[in-house]
Amino acid sequence: MVSKKTKKSTETVSSRLALVMKSGKTTLGLKSTLKSLRQGKTKLVVLANNCPPLVRSQIEYYCLLAKCNVHHFQGNNIELGTACGKYFRCACLGILDPGDSDILKVVEETA
Amino acid sequence: MVKFLKPGKVVVVLQGKYAGRKAVIVQNYDSGTQERPYGHCVIAGIDKYPRKVTRKMSEKKVKRRSKVRAFLRVVNYNHIMPTRYTLDLADALKKVVPEEARTNLTSRKKAQKKVQQLLKERYLTGKNRWFFRKLRF
């Protein structure tokens with residue numbers, strides 16, 4: 001049921017994540033993402049689709065207050081961890097500095 | 001991208017004795033201090049909410065039910081949930097709560113009495129209804 005357009009945009013987000021990991025600054029994990037949100041440092045938050053609903057609502061609310069974008073990644077936490085190039089699962093990821101990547105603009109367009 | 005934990009922000013306490021209570025940030029320390037190397041803030045909140053008042057009640061009864069009991073506490077950012085509401089008492093509260101209230105227990109107790117007075121006055125004006133209503137959970 002995933003339309004072609006969304007699939008394409010997901011791929012672009014995944015590919016850009018790799019670049020962000022290399023050139024930019026990120027925080028992985030709920031606790032550190034919340035911390036950076038409170039400090040106003042995050043530019044974008046990426047959530048896996050199997051993120052527990054309470055955590056999802058909490059992050060979305062924090063992002064609302066911090067005027068930060070949330071991207072719902074089309075994959076579960078295992079896939080998000082892989083997209084980050086890590087060997088562990090990651091359900092919640094905060095991008096502080098996109099580096100050379102234009103991931104922020106891509107998310108703005110699709111939002 | 002915006003820092004939202006500022007004095008005047010209404011916040012819900014998540015842990016401890018005052019869990020579930022609404023509070024206002026009086027002063028926040030984003031980078032922490034020597035004794036507390038984590039982000040924390042001084043919070044003035046409602047310990048005992050004022051009870052519901054109806055038109056039928058006598059004045060004496062209304063007065064008894066409109067009591068607000070406040071608390072003053074230093075709390076880690078992890079243990080509060082910020083809301084979209086603000087309470088513009090921050091300036092008044094800051095004047096009343098001195099710097100030593102963070103560390104000194106007696107000055108905190110004194111400040112708490114003044115805070116209680118301030119909050120009660122605000123409740124009686126009828127503004128910020130949401131703040132003075134108990135959070136049901």
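Which side chain meets A:Arg16 in a salt bridge? The partner is A:Asp102, with a separation of 2.5 Å from N to O; a salt bridge here is a side-chain nitrogen of Lys or Arg within 4 Å of a carboxyl oxygen of Asp or Glu. The model is predicted, so local features need pLDDT of at least 70 and side-chain atom pairs count only at pLDDT 80 or more, while totals for chains, interfaces and linings use all residues. Residues are numbered from 1 along each chain as its sequence is written, chains are lettered from A and ligands numbered from 1 in the order in which they are written, and side-chain values use heavy atoms, with hydrogens and water left out.

**Architecture of chain A**

- Chain A contains 5 helices and 4 strands; helices (H or I, at least four residues) and strands (E, at least two) are DSSP runs, numbered from the N terminus.
- Read from the N terminus, the order of elements in chain A is α-β-α-β-α-β-α-β-α.
- Chain A has 111 residues, of which 42% count as buried; buried means under 20% relative accessible area, exposed over 50%, and partly exposed in between (1.4 Å probe, protein chains only).
- Of the contacts in chain A between residues at least 6 apart in sequence, 78% join residues at least 24 apart, a contact being heavy atoms within 4.5 Å.

**Helix 2 of chain A**

- The buried residues in helix 2 of chain A are A:Thr33, A:Leu34, A:Ser36, A:Leu37 and A:Arg38.
- Their cover includes strand 1 (25-28), strand 2 (44-47), helix 3 and strand 4 (92-97) of chain A.

**Annotated domains**

- In an unreviewed entry, UniProt lists residues 13-104 of chain A as "domain: Ribosomal protein eL8/eL30/eS12/Gadd45"; UniProt positions are given in the numbering used here, feature names are shortened, and annotations may be inferred rather than shown by experiment.
- Residues 13-104 of chain A are 48% helix and 20% strand, and the end C-alpha atoms are 9 Å apart.
- For chain B, UniProt lists "domain: KOW" at residues 4-31, again in an unreviewed entry.
- Residues 4-31 of chain B are 0% helix and 46% strand, with end C-alpha atoms 14 Å apart.

**Interface between chain A and chain B**

- The size of an interface is often given as the accessible area lost when the parts come together.
- Chain A and chain B bury about 1300 Å² between them, and 63% of this lies on carbon and sulfur atoms; buried area is the accessible area (1.4 Å probe) that two parts lose on being put together, summed over both.
- In chain A, the residues that lose the most area to chain B are A:Arg38, A:Tyr61 and A:Leu65, together 47% of what that side buries.
- The contact draws 13 residues from chain A and 13 residues from chain B.
- Between the two chains there are 0 salt bridges, but 3 residue pairs are in polar contact (both at pLDDT 80 or more). A polar contact is a pair of N or O atoms within 3.5 Å; within protein, one must be able to donate a hydrogen and the other to accept it, and residues adjacent in sequence count only if both atoms are side-chain atoms.
- On the side of chain A that touches chain B, helix 2 (30-39) and helix 3 (53-66) each supply at least two residues.
- Helix 3 of chain A gives the most to that side, with 5 residues.
- The residues of this side of chain A comprise 6 nonpolar, 4 polar and 3 charged. Ala, Val, Leu, Ile, Met, Phe, Trp, Tyr, Cys and Pro count as nonpolar, Asp, Glu, Lys and Arg as charged, and the others, Gly among them, as polar.

**Salt bridges**

- Over all chains, the count is 6 salt bridges.
- A:Arg16 lies in helix 1 (residues 4-23) of chain A and A:Asp102 in the loop between strand 4 and helix 5 (103-110), so their pair ties together parts that are 86 residues apart in sequence.
- A:Asp102 is partly exposed, at a relative accessible area of 32%.
- B:Arg102 and B:Glu35 form a salt bridge through their side chains (3.5 Å, N to O).
- B:Arg102 is buried, at 13% relative accessible area, whereas B:Glu35 is exposed, at 56%.
- B:Arg69 forms a salt bridge with B:Asp47, with the closest N and O atoms 3.5 Å apart.
- This pair links B:Arg69 in strand 4 (residues 69-76) of chain B to B:Asp47 in strand 3 of chain B, 22 residues apart.
- A network of salt bridges links B:Arg21, B:Asp47 and B:Arg69.
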